[in-house]
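I set out to look through one structure and to record what I found, entry by entry. The notes begin with the strands and then turn to the helices, the cores and the charged pairs.

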Amino acid sequence: VETEAAANSQTTLAEISVEAIKASPYQPRLTINEAAIEELANSIQSIGLVKPLIVRPVGQGEYELIGGERRWRAHKLVGIKTVMAYVRPMSDAMAKILALTDNEGQEPLTEYERGRSYAHILESGDEPSQRALARRLGVNVSIISRCLLLMELPEAARQILDKNPSLIGGLKAKEFIEFGKTHPDLLVQAITSMRDEGMSQVQALRWIGQKIAEQKG
């Protein structure tokens, strides 16, 4: 993976067409608040763009978004035709890393969103180990490990989290993961209730525990 310094040396600031930019395939954020996009659009109309986008060239006059998806969407929402962007040639590996770090600099990603991105980076071989990835991102390796544990949840549970990534995380995440190994059906039922009925993590874990006790009794 190339260094940040090497990438920075090739960076240029340019005004480019909003329509010439396509979304990043490495965007780690699974959900984007539309109300926040509207608020940002109003701000851009009032005071302009404070922070340029980050894009990489992918063809003649075409660019792929690396950082700033909400700013890009806000421009499209209000019909602004051009946007200021840092144009930076980079590899897929660097694009994945910068997509992560740009998002963390804005509204923090959920642990599930981070876990998905960490897993993708490691599975593709862009970083050789959790420790190397932690060094690259400047975070503690225990954070990488904790977020990656969420990838051990049953597929049906992950499908729900793909659309509702904030449902599980924090200190209770490990308990959900353990239940996923021993009682996957109950886990999926509980996560569904969290999504549909607003059940908290504590309530969901308590419900799973009660159901297991009933089965044993």
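This is a predicted model: local features need pLDDT of at least 70, side-chain atom pairs count only at pLDDT 80 or more; totals for chains, interfaces and linings use all residues.

Entry 1: In the hairpin of β3 and β4, I found two residues between the strands, and Gly-61 takes a positive phi near 70 degrees.

Entry 2: I next asked in what order the five strands of the open sheet stand. The order is β1-β5-β3-β4-β2, and the pairing is mixed. β1 (12-17) and β2 (21-22) are at the edges with a single partner strand each, so one side of each has no neighbour in the sheet. I recalled that strands of a sheet pair through backbone hydrogen bonds, either parallel or antiparallel. β2 pairs with β4 (residues 62-67) in the parallel sense, over two bridges. Along this pairing I located Ile-21, whose bridge partner in β4 is Tyr-63, and Lys-22, which stands opposite Glu-64 in β4.

Entry 3: Is β4 largely enclosed or left open by the rest of the structure? I found five of its six residues buried, so β4 is largely enclosed. Helix α3 (residues 69-78) lies across β2, β3 (53-59), β4 and β5 (82-87), and runs at about 125 degrees to β4.

Entry 4: Just after α5, Gly-125 has a positive phi of about 80 degrees. In α6 the buried residues are Ala-132, Leu-133, Ala-134 and Leu-137. Just after α6, Gly-138 takes a positive phi of about 75 degrees.

**Entry 5: the nonpolar cores.** I recalled that in soluble globular proteins, nonpolar side chains tend to be buried together. Which members of the largest nonpolar core touch the most other members? Among its 36 residues, they are Tyr-118, Leu-150, Leu-153, Ile-168, Leu-187, Ile-191 and Met-194. Eight helices each supply at least two residues of this core: α4 (92-104), α5 (111-123), α6 (130-137), α7 (141-149), α8 (155-163), α9 (173-182), α10 (184-197) and α11 (201-216). α10 gives the most, with five residues. I then followed Met-194 and, leaving out residues up to four places away in sequence, found that it touches Leu-167, Ile-168, Phe-176, Met-199, Ser-200, Gln-201 and Ala-204. Apart from this core lies another, of 11 residues, among them Val-18, Leu-53, Ala-85 and Val-87.

**Entry 6: salt bridges.** I recalled that side chains of opposite charge can pair when their charged atoms come close. The count of salt bridges comes to 15. In one of them, Asp-102 is joined to Arg-71, with the closest N and O atoms 3.6 Å apart. This pair links distant parts of the chain, as Asp-102 is in helix α4 and Arg-71 in helix α3, 31 residues apart. Both Asp-102 and Arg-71 are buried.

The side chains of Asp-126 and Lys-96 also meet in a salt bridge, at 2.5 Å from N to O. Asp-126 lies in the loop between α5 and α6 and Lys-96 in helix α4, so the pair ties together parts 30 residues apart in sequence. Asp-126 and Lys-96 are both buried.

Entry 7: Lys-181 and Glu-178 form a salt bridge at 3.7 Å, N to O. Both lie in helix α9, three residues apart, about one turn of the helix. I recalled that an α-helix has 3.6 residues a turn, so residues three or four places apart point the same way. Glu-178 has 39% relative accessibility; buried means under 20% and exposed over 50%, so Glu-178 counts as partly exposed. Finally, I noted that salt bridges with shared partners join Glu-34, Glu-69 and Arg-73 into one network.

Conventions. Residues are numbered from 1 along each chain as its sequence is written. Side-chain values use heavy atoms; hydrogens and water are left out. A nonpolar core is a set of buried Ala, Val, Leu, Ile, Met, Phe, Trp, Tyr and Cys residues joined through side-chain atoms within 4.5 Å. Buried means under 20% relative accessible area, exposed over 50%, partly exposed in between (1.4 Å probe, protein chains only). Helices (H or I, at least four residues) and strands (E, at least two) are DSSP runs, numbered from the N terminus. Contact means heavy atoms within 4.5 Å. Two strands pair if DSSP finds at least two bridges between them. Axes are lines fitted to C-alpha atoms, for helices over the stretch in contact, and angles run from 0 to 180 degrees between N-to-C directions. A salt bridge is a side-chain nitrogen of Lys or Arg within 4 Å of a carboxyl oxygen of Asp or Glu.
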